[in-house]
Amino acid sequence: MDITTAYESEELIDAEQVAAYLLENPDFFVQFPQIVEKISIPHAHKGSISLVELQSEQLRKKVRTLSLKLNQLITIAKQNEAIYRVYADLNLRILKCTNLDDLKFILEEVIQENLQLASVTLKPFKGAHALPEIQQRLFIEKRFKRHRFFFGRLSEHERKLLFNDQDANSVALLLIGDLGELGILAIGSKDPGHFNPDMDTLLITQLQQFLGILLPKLLTY
């Protein structure tokens, strides 16, 4: 029994059955084109419109939504490409450093100016400017239990130890060295949500690896 037979025999059918029938028979309006012309659908702003007009409007909305999403993806892709280029250039520049001061200068220049982050500091674990051992243990035991990096927020005490008075409302901490024996690179952002545990780690892990290669040559034991 089709929908027209049900109507003619005055059998009771509900809206869900009608909807299900139309979904199962997408050619219904092809078979009965005269019905399309007679159907009008209430519209919030245009009064009554035809089914074809409604479908066209819905299609236009979908196209606009997809176009917006595509533009957003293109924008994100361009941003990611720019960030990748900054990190690639940074990795090459730090490998040419011959002393710790040059390394710190380049890290500050690139990370603060090119990536527009608020602060960066390198705290070696050995040498004349080493982070005190008690502070090393504090960060390793609290922030590096499972990974050699940390993304998120620090306590005020931790922030002061690493950044002094610089802005660091959210941070990326990288433990340098295969065993975490060389030091910590700390990067701070004014935005409390910029660095978070869900962020991608590919580029920053590469920087971590490059520093692990370079630092042993620069530190004074």
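The protein contains nine helices and six strands, taken as DSSP runs (H or I of at least four residues for helices, E of at least two for strands) and numbered from the N terminus. This is a predicted model, in which local features need pLDDT of at least 70 and side-chain atom pairs count only at pLDDT 80 or more, while totals for chains, interfaces and linings use all residues. Residues are numbered from 1 along each chain as its sequence is written, and side-chain values use heavy atoms, without hydrogens and water.

Of the 221 residues, 33% are buried (under 20% relative accessible area, 1.4 Å probe, protein chains only).

Helix α8 spans residues 156-163, and its buried residues are Glu-158, Arg-159, Leu-161, Leu-162 and Phe-163. These lie on the same side of α8 because they cover an arc of only 160 degrees around the axis, taken from the directions from the helix axis to the C-beta atoms. The elements below are among those that cover them, where contact means heavy atoms within 4.5 Å.

| Element | Residues |
|---|---|
| β3 | 119-124 |
| α7 | 133-143 |
| β5 | 170-176 |
| β6 | 183-189 |

After α8 comes Asn-164, with a positive phi near 55 degrees.

Among contacts between residues at least 6 apart in sequence, 51% join residues at least 24 apart.

Key:
Buried < 20%, exposed > 50% of the residue type's maximum accessible area, 1.4 Å probe, protein only.
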